Amino acid sequence: MKFVVHTVGDLRPVSEAIKKKTEAYKIICLDGDLGAGKTTLVKDLGEALGISDHISSPTFSIINEYEDADRKPVYHFDFYRLKDEEEALDIGIEEYLYSGNLCIIEWASMFPGLIPPKHLEININLVGERNREITLVEHG
Ligand SMILES: Nc1ncnc2c1ncn2[C@@H]1O[C@H](COP(=O)(O)OP(=O)(O)OP(=O)(O)O)[C@@H](O)[C@H]1O
Ligand SMILES: [Mg+2]
């Protein structure tokens with residue numbers, strides 16, 4: 001599945017498509033260069049999911065926790081700040097990843113060894129001057 005977006009306002013159909021897939025896929029992996037728009041997409045997806053908490057890239061904690069419209073937890077990770085896999089395992093990442101709750105991971109490809117086989121891969125690529133191509137690929 002592929003989308004081309006020009007502005008932040010174009011993200012909603014992408015978020016709705018991802019939301020649909022979260023019924024089957026609880027692990028959402030987001031990749032794309034620095035500034036590609038990963039956090040921006042998480043914010044828009046959060047709105048689509050009815051998350052009213054403030055969404056921002058996890059800085060100190062590596063994990064941010066929100067609640068969706070049904071008050072179910074949603075976990076937001078940013079692997080960019082992880083030193084190594086061990087650091088993630090030390091904070092108990094597997095408990096989050098295998099909790100059955102939605103997990104959204106920025107820079108997931110930095111530590112592929114941590115990612116469960118069944119996941120939704122999302123790549124954001126800049127195309128041309130100001131368009132972004134967003135692709136969704138199902139794994140497992
Ligand atoms: N779909 C979009 N359309 C237009 N501008 C966008 C879009 N997505 C993101 N931007 C802009 O690009 C900038 C970087 O976005 P964002 O912080 O989401 O990137 P990121 O991939 O999370 O970066 P990082 O790798 O540093 O975490 C922001 O200023 C944002 O407004
Ligand atoms: Mg980010």
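Tutor: A residue is near a molecule or strand if its C-beta atom, placed from the backbone, lies within 6 Å of it. In this structure, 15 residues are around ligand 1, and Gly 35, Gly 37, Lys 38, Thr 39 and Thr 40 come nearest. Please note that this is a predicted model: local features need pLDDT of at least 70, side-chain atom pairs count only at pLDDT 80 or more, and totals for chains, interfaces and linings use all residues. Residues are numbered from 1 along each chain as its sequence is written, while chains are lettered from A and ligands numbered from 1 in the order in which they are written.

Student: Which element gives the most to the shell around ligand 1, and how do the residues of that shell divide?

Tutor: Helices (H or I, at least four residues) and strands (E, at least two) are DSSP runs, numbered from the N terminus. Here α2 gives the most, with three residues. For the division, Ala, Val, Leu, Ile, Met, Phe, Trp, Tyr, Cys and Pro count as nonpolar, Asp, Glu, Lys and Arg as charged, and the others, Gly among them, as polar. The shell around ligand 1 holds five nonpolar, seven polar and three charged residues.

Student: In what order do the strands form the sheet?

Tutor: Two strands pair if DSSP finds at least two bridges between them. Seven strands form an open sheet of mixed pairing, in the order β1-β7-β6-β2-β5-β4-β3. At its edges stand β1 (2-5) and β3 (63-67), each pairing on one side only. β1 and β7 (residues 131-139) run antiparallel and are joined by four bridges; Val 4 stands opposite Glu 133 in β7. β3 and β4 are also antiparallel, with five bridges, and Ile 63 has Phe 77 in β4 as its bridge partner. By contrast, β4 and β5 run parallel, joined by five bridges; here Asp 78 stands opposite Glu 106 in β5.

Student: Which strands does helix α2 lie across?

Tutor: Axes are lines fitted to C-alpha atoms, for helices over the stretch in contact, and angles run from 0 to 180 degrees between N-to-C directions. Helix α2 (residues 38-48) lies across β2, β3, β4 (73-78), β5 and β6, at about 160° to β5.

Student: Which residues of α2 are buried?

Tutor: A residue is buried if 20 or more other C-beta atoms lie within 10 Å of its own, exposed if 12 or fewer, and partly exposed in between; the C-beta atoms are placed from the backbone. In α2 the buried residues are Lys 38, Leu 41, Val 42, Asp 44, Leu 45, Gly 46 and Ala 48. β4 is largely enclosed by the rest of the structure, because five of its six residues are buried.

Student: Which residues touch the most other members of the largest nonpolar core?

Tutor: In soluble globular proteins, nonpolar side chains tend to be buried together. A nonpolar core is a set of buried Ala, Val, Leu, Ile, Met, Phe, Trp, Tyr and Cys residues joined through C-beta atoms within 7 Å. The largest one has 31 residues, of which Ile 28, Cys 29, Leu 30, Cys 103, Ile 104 and Ile 105 touch the most other members.

Student: Where is Asn 101 placed, and why does Asn 101 count as buried, exposed or partly exposed?

Tutor: Asn 101 is in the loop between α4 (93-97) and β5 (102-106). Asn 101 counts as partly exposed because 14 C-beta neighbours lie inside 10 Å.

Terms used. Two residues are in contact if their C-beta atoms, placed from the backbone, lie within 7 Å.
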